[in-house]
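Colleague: Could you walk me through the sheets in this one? I'd like to go strand by strand.

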Amino acid sequence: MVSIAVCDDEILERCRIAGKVEKILRGKKVPCTIRQFGSGKELLEAVEDFDIIFLDILMCGMDGMETARLFREKNFDKILIFVSSSREYVLEAYDVEAFHYLPKPVEDGKLETVLQRAVGKLENHSQEFIIASRERQKWKLYLDYIYYFEIKGRVIEVHGTEGIFTYYGRIGMLEQMLEDKGFFRCHKSYLVNLKTVSSYNRQELTLDNGEKVVIARRRYEKFSERMLEVMRENGGIV
């Protein structure tokens, strides 16, 4: 089930986009739920965890760009698609890692193409996830988007493809939960997604995004064993 939000302060426009999205997905037999919002504030206050967000930029009050920045602070792995009658914000859209920028009036063919790509991106990633609680809300964190977890006191930082998500938790429980999901605790403070390790030595790991994570000396041998297993499973060794 794909969960979609359409945010636009013009009611006719958001109804039009929501209707087109539903028609396209129904034709492709993709189950979905669609909610409409008349302002960025309403969207940010929603309790749902949306997969795809269609967001107008020129809105009264909080504009779409500011809404996107605030949204990214708590939802680093969601697909943002801007819809606007102005093209002057295209470059700013990159700052919040927008998936696409659709000019109004939205062409049916272009909308279908972008929507198909967005759904494809969701389907191409593993659907395995964990649930994290923050600010009285539940958040789905998909494992394929995560590079590593870092513990700082009682706070766990989730370092992912689109930023850092924080919540209160215990890394020991997280380690037990993910031990058969391709994650390894290479240091007391770090739990790493082994699929994202590009190189390593006895002192540190280098991840696909270029970040380096320290590895504890006493954990190196076990890490090497697990790394070889993951490489075999994913075609890294023949």
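**Sheets and their helices**

Modeller: Strand β8 (residues 146-152) pairs with strand β12 (residues 190-193) in the antiparallel sense, over 3 bridges. This is a predicted model, in which local features need pLDDT of at least 70 and side-chain atom pairs count only at pLDDT 80 or more, while totals for chains, interfaces and linings use all residues. Residues are numbered from 1 along each chain as its sequence is written, and side-chain values use heavy atoms, with hydrogens and water left out.

Colleague: What counts as a strand, and when do two strands pair?

Modeller: Strands (E, at least two residues) and helices (H or I, at least four) are DSSP runs numbered from the N terminus, and two strands pair if DSSP finds at least two bridges between them.

Colleague: Which residue in β12 is the bridge partner of Y148?

Modeller: The partner of Y148 there is V192.

Colleague: And what is the strand order in that open sheet?

Modeller: The order is β10-β9-β8-β12-β11, with antiparallel pairing across the 5 strands. The edges are taken by β10 (163-168) and β11 (183-187), and each has a single partner strand, so one side of each is left without a neighbour in the sheet. From one strand to the next the twist averages 20°, where axes are lines fitted to C-alpha atoms, for helices over the stretch in contact, and angles run from 0 to 180 degrees between N-to-C directions.

Colleague: Which helix packs on the sheet?

Modeller: Helix α6 (residues 171-178) does, touching β8, β9 (155-160), β10, β11 and β12, with contact meaning heavy atoms within 4.5 Å. The direction of α6 makes about 25° with that of β12.

Colleague: Switching topic, what is the order in the sheet with parallel pairing?

Modeller: That open sheet of 5 strands runs β2-β1-β3-β4-β5, and its edge strands, β2 (32-37) and β5 (100-103), each pair on one side only. Its twist averages 20° from one strand to the next. Helix α1 (residues 11-27) packs on this sheet and touches β1, β2, β3 and β4 (79-84), its direction making about 175° with that of β2.

Colleague: How many bridges are there between β1 and β3?

Modeller: There are 4, joining β1 (residues 2-7) to β3 (residues 52-56) in the parallel sense, and V6 stands opposite F54 in β3.

Colleague: Last one: where is the residue with a positive phi?

Modeller: G210, with a phi of about 95°, lies in the turn of the hairpin that β14 and β15 form with 4 residues between them. Those two strands run antiparallel and are joined by 3 bridges, with T206 opposite K212 in β15.
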